[in-house]
Protein chains: 2
Amino acid sequence: MSPEEFRRFGHEVVDWIAGYLARPEDYPVLAQVEPGQLRSQLPTSPPERGQPMSEILEDFERFVVPAVTHWNHPSFFAYFATSASAPGILGEMLSAAFDAKAMLWRTSPASTELEEVALDWLRQLMGLPAEFGGVIYDTASVATMHAVAAAREALNLHVREDGMSGRADLPLLRLYASEQAHSSVEKSLIALGLGQRSLVKVPADASFRMDAAALKHLIEEDRRAGMLPFCVVATVGTTSTTSIDPVPAIADVCEREGLWLHVDAAYAGSAAVVPELRRVLEGCERADSLVTNPHKWLFTPFDLSALYSRRLDVLRRAFALTPEYLRTPEQDAVRNGSDYGVQLGRRFRSLKLWMILRYFGHEGLAALIREHCRLARLFAGWVEASPDWELLAPVPLSVVCFRARPSVEGETDGARAARLDALNERLMTAVNATGEIFLSHTKLHGAFTLRLAVGNIRTNESHVRRAWELLNEKLSDISNEG
Amino acid sequence: MSPEEFRRFGHEVVDWIAGYLARPEDYPVLAQVEPGQLRSQLPTSPPERGQPMSEILEDFERFVVPAVTHWNHPSFFAYFATSASAPGILGEMLSAAFDAKAMLWRTSPASTELEEVALDWLRQLMGLPAEFGGVIYDTASVATMHAVAAAREALNLHVREDGMSGRADLPLLRLYASEQAHSSVEKSLIALGLGQRSLVKVPADASFRMDAAALKHLIEEDRRAGMLPFCVVATVGTTSTTSIDPVPAIADVCEREGLWLHVDAAYAGSAAVVPELRRVLEGCERADSLVTNPHKWLFTPFDLSALYSRRLDVLRRAFALTPEYLRTPEQDAVRNGSDYGVQLGRRFRSLKLWMILRYFGHEGLAALIREHCRLARLFAGWVEASPDWELLAPVPLSVVCFRARPSVEGETDGARAARLDALNERLMTAVNATGEIFLSHTKLHGAFTLRLAVGNIRTNESHVRRAWELLNEKLSDISNEG
């Protein structure tokens, strides 16, 4: 494509994006398509000859866009709501043009050093200690997998060299996480060959926080049974309810037991950027590693997950491997990103984060996150004030767990539970089918629970208010239908 | 940022990229900076208040760009030369704007179905059988890790459930790859907890291809020693020399021994798009899995690695894990991308690949790759015709392995080997310091070997010719200096 053509289509795409971000509400937030619909609209074979970009962009708009679920829609309240801020998108455009593979310092000094700078800035914003170095990965799942691998390496059992199969000398390794921990912890154990059996799910208290006394007890029990406890994963901001594990008490246990403490702060780490919320990371200064996702609640286009650790040397020892074709004269004087993980090639992700931290500044980021928490509390207040609804968990940050609970006279407890589960699931399906808002769910103490997650940069009070109206409208419709 | 502002800065960035791609030669291909230079130029703390985008873009140009090694430069001949084509960059821009997390079909039907369509198109272009389904990952390292994990799962030893620690029943698992295989195979084994001890490096022949008879022998030996062979990784296009392992013979061994055959065609898979080069994948139709990287030699911006497998069900069995908060009504009728690996969130990568396959068409892609192979042969011809230079490996595709070998009278073999190693390393440093071209090296039979890798979309005969001139100039300079 000639530079002139690229300029022309590039401007066209920028204009499209500008229009899109100006009014994402023109689209249904949850794609209103059937499975297979997009696939059936496209040719089953690739074209023999090249096609004009204008035609491709037309098909993009005609076929692809209707099948998009719009994460950038201000009424995306499902999972963890996220957003790609404008400076982040500009950063991604430049990264795409450079197309760097930041595997070695040499192959991308800019990416390597900007990663150190941007991650150190973010560390300061979150109030983590200076001895925490950082590495950027794609996702928290991958960051956590690497943290657990480092914990395994720290045991000095030669797992890197000798592996775990065919060894009679290895006891069963055990990792502890709350029953509310993210599924990525279990997946990490599966991938690393430790298996689901190595995961101990620690009970949570009534507010869905890990019970540190139970943790201590479980570790002691495992030791007595000849197993080898090696790691605890605490969560700051669990996926279902954003509950915050008692990290200071957990750190005490880890210290006494000599276990690696990894903190999953994928969502809530960003909250620590707000001075009055910095306490969410209390105790995390004692962790061995911590993951936070700027692509979740720091307005950074996906993907960018940051792993911090005071023991990056152990992570490096677990993964560094330099074949001859990757040796460079400067290798001992620089950081080579690929030494810290499975991935050799790494995208130039730090650019967008650096641009975002500068564009918004500390104050700007804190103001956005603070407002999201206010909106969640506002919504929670409406829920609490209504006899037809109830909160199912505390609201420490920007996610509300709730359900409709209209009463029916003379009902048994079991019948009520089943009725409310069915009702709330039907309610979720109904509001999502409008395309106006998108909610997802979880289960808490066995009950089907709606979640309203605030986190998109474009979400303001009107969107949250409309979500509340719509939920009440649909509840009324369903009640009238019987 | 207002839509107007985004439009303005978006156009500015597009213009910058258009100018950049029109003349990447204005920049040194290898960043001419010292370690720490960029870091030292930036503030050590983040700004308290937001800063204007114009200022950020100025600093980007002033500080960041000089520290970029330009993978899009037509004289980038190091490692595997790659490039981000214009339609691919446009695709990345749109993906960044959507900011999708394609973890479930529901969270991005467009990404999920376009992934199926684009990968099936690419499969057809490479001539792989219809029973090969595909999954997109970030990198070949991650794709290979997942393939090896699937091979482990296929053993039905309950490694997913029970792991490998604390088990006396598990023999030592063994995987076989040529001594020329990529380091990512070893890293996969480290991550998966199988360890370096589980890797058997199979000798290669004089042309750097796996010796299939030796493979057979090593497997038998391991079986006799009570070990459990479970996987063979064959390479189509090794990193050092692009040698092609004899996959038909290796597939015979795997079939007889009941081993999972994974093919690393990260680089050379793209060559199969050229009808007369399709033979490079001979035998791969019998593989259990195969990885190829459109981000290497198919003009796709990094990252996009495609894993194909006839046994995606095994991969899914190894990794699928659906907590309540990720359940959807349609989950049994659709493909959820996160079921196939460690990563939960996944970028909308298929869009750029779909746009590239359409923009260039089969003919366009084949013409580019064919020309790159011609340029490599041309360069190899110059090397062969000159008494001062020699080829150190065959040139099956677009990479030339060579060295300078000016003669000195009355030298011992050992002295000659040491002199040529030092000379060629010095030569590489000298040409790279010009910023005109960028070469990397490997070692072959112990000898320091220069590599010229052709693969960038902007590379034409003039760039290869200039590389040859420059190498000869520097050789002459060094010879004159003594």
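Predicted model: local features only at pLDDT ≥ 70, side-chain atom pairs only at ≥ 80, totals over all residues.

**Axis and copies**

I then laid chain A on chain B, which took a turn of 180 degrees and a shift of 0.0 Å along the axis and gave an RMSD of 0.0 Å. The two copies are therefore related as by a two-fold rotation axis. I also checked the contact residues of chain A and found that 99% of them recur in chain B, so that the same surface serves both copies.

**Domains of chain A**

I looked up the domain assignment, which gives domain 1 of chain A as 1-30 + 69-84 + 361-482 and domain 2 as 101-347. The centres of these two domains, taken over C-alpha atoms, are separated by 30 Å, and 19 residues of domain 1 are in contact with 21 residues of domain 2. On the domain 1 side of this contact, I noted that α13(A) gives the most, with 5 residues, and that the side divides into 13 nonpolar, 5 polar and 1 charged.

**Nonpolar cores**

I turned next to the largest nonpolar core, which has 338 residues, and in which Phe77 and Ile250 of both chain A and chain B are those with the most contacts. Helix α13 of chain A, residues 350-385, gives the most to this core, with 17 residues. I followed up Ile250(A) and found that the residues it touches include Met210(A), Leu215(A), Val232(A) and Asp245(A), leaving aside residues up to four places away in sequence.

Technical notes. Residues numbered from 1 in each chain as written. Chains lettered and ligands numbered in written order. Core = buried A, V, L, I, M, F, W, Y, C linked by C-beta atoms within 7 Å. Buried ≥ 20, exposed ≤ 12 C-beta atoms within 10 Å, placed from the backbone. Helix = DSSP H or I, 4+ residues; strand = E, 2+ residues; numbered from the N terminus. Contact = placed C-beta atoms within 7 Å. Least-squares fit on C-alpha atoms with pLDDT ≥ 70 in both. Domains from an automatic or database assignment. Nonpolar A, V, L, I, M, F, W, Y, C, P; charged D, E, K, R; others polar.
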